[in-house]
Amino acid sequence: MKIYDREAGPHPALIRIVLAEKGLEERIEFVSIDLMAAEQKQPGFLAMNPIGKVPVLELDDGTIITESTAITEYLDNLDGHPTLTGTTPRDKGVIHMMQRRAEMMLIDAVDDYFHYGTPGLGGALRPWRMPDWSGAKEWGQRRGAYAVANMPYFNDLLAKQPFLAGEGFSMPDITLFAGLMFAEIVGLPIAPELTALHDWRGKVADRPAVKNRSGQVPRPEDLARYGDAA
């Protein structure tokens, strides 16, 4: 199997945590996509994923699976013993509900803030980010504020239960963790008073699959180019 991604990105981090949780990293060939050069927007990549985003999973038979939730479902069920996406109808329903909330209320909003409210990944991506839209920056900033405004919801939920879907660590916890990591990087940290959210984040960060996952450090050339873009 192949994973097309780039080191240190939030959605790549999400899938790499899944791979580590499932013990699948050794079975994956990672193909690095130069996001800052807009390689994900070129015809070769768009033939795999018309949305033009990473990560992308390519199976040995050539099947392409995109979208982090779908990739997680496949990887989690590959061994017939899902641990992240639920085994009963109830668990699956709650997990997917919380997954969608973690996406819509946080990680997607942070992504919009990064790409529209800040310089994002630089000039190469501007043609795909509607640079002629006069309201883009204000909208991006509103999306960042929306993500911050939603953090208390997750804090209050995690003050009552150990993980987003209840007692067990699951897919939405990985998504929220990656989203908060992304938020902190782009200057949207968790407020100090959200103690349950801080405690939960520390607990997740201590999981071996999170601490020891691959791809945590950006490539040196990406750091240099991002510094120039910013």
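1. At a relative accessibility of 26%, Ala8 counts as partly exposed, a label that covers the range between buried (under 20% relative accessible area) and exposed (over 50%), with a 1.4 Å probe and protein chains only. Ala8 sits in the loop between E1 and H1, where helices (H or I, at least four residues) and strands (E, at least two) are DSSP runs numbered from the N terminus. Its phi is near 80°, which is a positive value in a residue other than glycine.

2. A word on the basis of these values: the model is predicted, so that local features need pLDDT of at least 70 and side-chain atom pairs count only at pLDDT 80 or more, while totals for chains, interfaces and linings use all residues. Residues are numbered from 1 along each chain as its sequence is written, and side-chain values use heavy atoms, with hydrogens and water left out.

3. Ala38 also deserves a look at its backbone, for it has a positive phi of about 60° although it is not a glycine. This residue lies in the loop between E2 and H2, and its relative accessibility of 1% is why Ala38 counts as buried.

4. Pro55 has its place in the loop between H2 and E3.

5. A salt bridge would need a side-chain nitrogen of Lys or Arg within 4 Å of a carboxyl oxygen of Asp or Glu.

6. The side chain of Glu58 does make a polar contact with the side chain of Tyr4, at 2.6 Å. A polar contact is a pair of N or O atoms within 3.5 Å, where within protein one must be able to donate a hydrogen and the other to accept it, and where residues adjacent in sequence count only if both atoms are side-chain atoms. Not counting residues up to four places away in sequence, Glu58 touches Met1, Lys2, Tyr4, Thr63 and Ile64, with contact meaning heavy atoms within 4.5 Å.

7. The whole structure contains 17 salt bridges. One of them joins Asp34 to Arg6, with the closest N and O atoms 3.9 Å apart. Asp34 lies in the loop between strand E2 (29–32) and helix H2 (43–46), and Arg6 in the loop between strand E1 (2–5) and helix H1 (10–22), so the pair ties together parts that are 28 residues apart in sequence. Arg6 counts as buried because its relative accessibility is 7%. Arg6 and Asp34 also belong to a network of salt bridges that links them with Glu7, Arg219, Glu221, Asp222 and Arg225.

8. Arg207 forms a salt bridge with Glu21, the closest N and O atoms being 2.8 Å apart. Because Arg207 lies in the loop between helix H7 (195–205) and helix H8 (208–211) while Glu21 lies in helix H1, this pair ties together parts that are 186 residues apart in sequence. Arg207 is partly exposed, with a relative accessible area of 24%, and Glu21 counts as partly exposed at 24% relative accessibility.

9. Glu103 and Arg100 form a salt bridge as well, with their closest N and O atoms 2.9 Å apart. Both lie in helix H4 (residues 89–117), where they are 3 residues apart, about one turn of the helix. Glu103 is buried, with a relative accessible area of 14%, whereas Arg100 is partly exposed, with a relative accessible area of 43%.

10. Met171 has its place in helix H6 (residues 171–185), and at 1% relative accessibility Met171 counts as buried. Leaving aside neighbours within four places in sequence, Met171 is in contact with residues including Thr69, Leu84, Ile95 and Gln99. Met171 and Asp76 are 95 residues apart in sequence and 9.4 Å apart in space, taken from C-alpha to C-alpha.

11. Finally, the largest pocket is lined by 44 residues, of which Gly9, Pro10, His11, Asp111 and Phe182 lie nearest its centre. The elements that give two or more residues to this lining are H1, H4, H6 and helix H9 (220–229), and H4 supplies the largest share, 8 residues.

Terms used. On a 1 Å grid over the protein atoms alone, a cavity is a set of points where a 1.4 Å probe fits but cannot get out, and a pocket is an open set with protein on both sides within 12 Å along at least five of seven lines; lining residues have an atom within 4 Å of a point.
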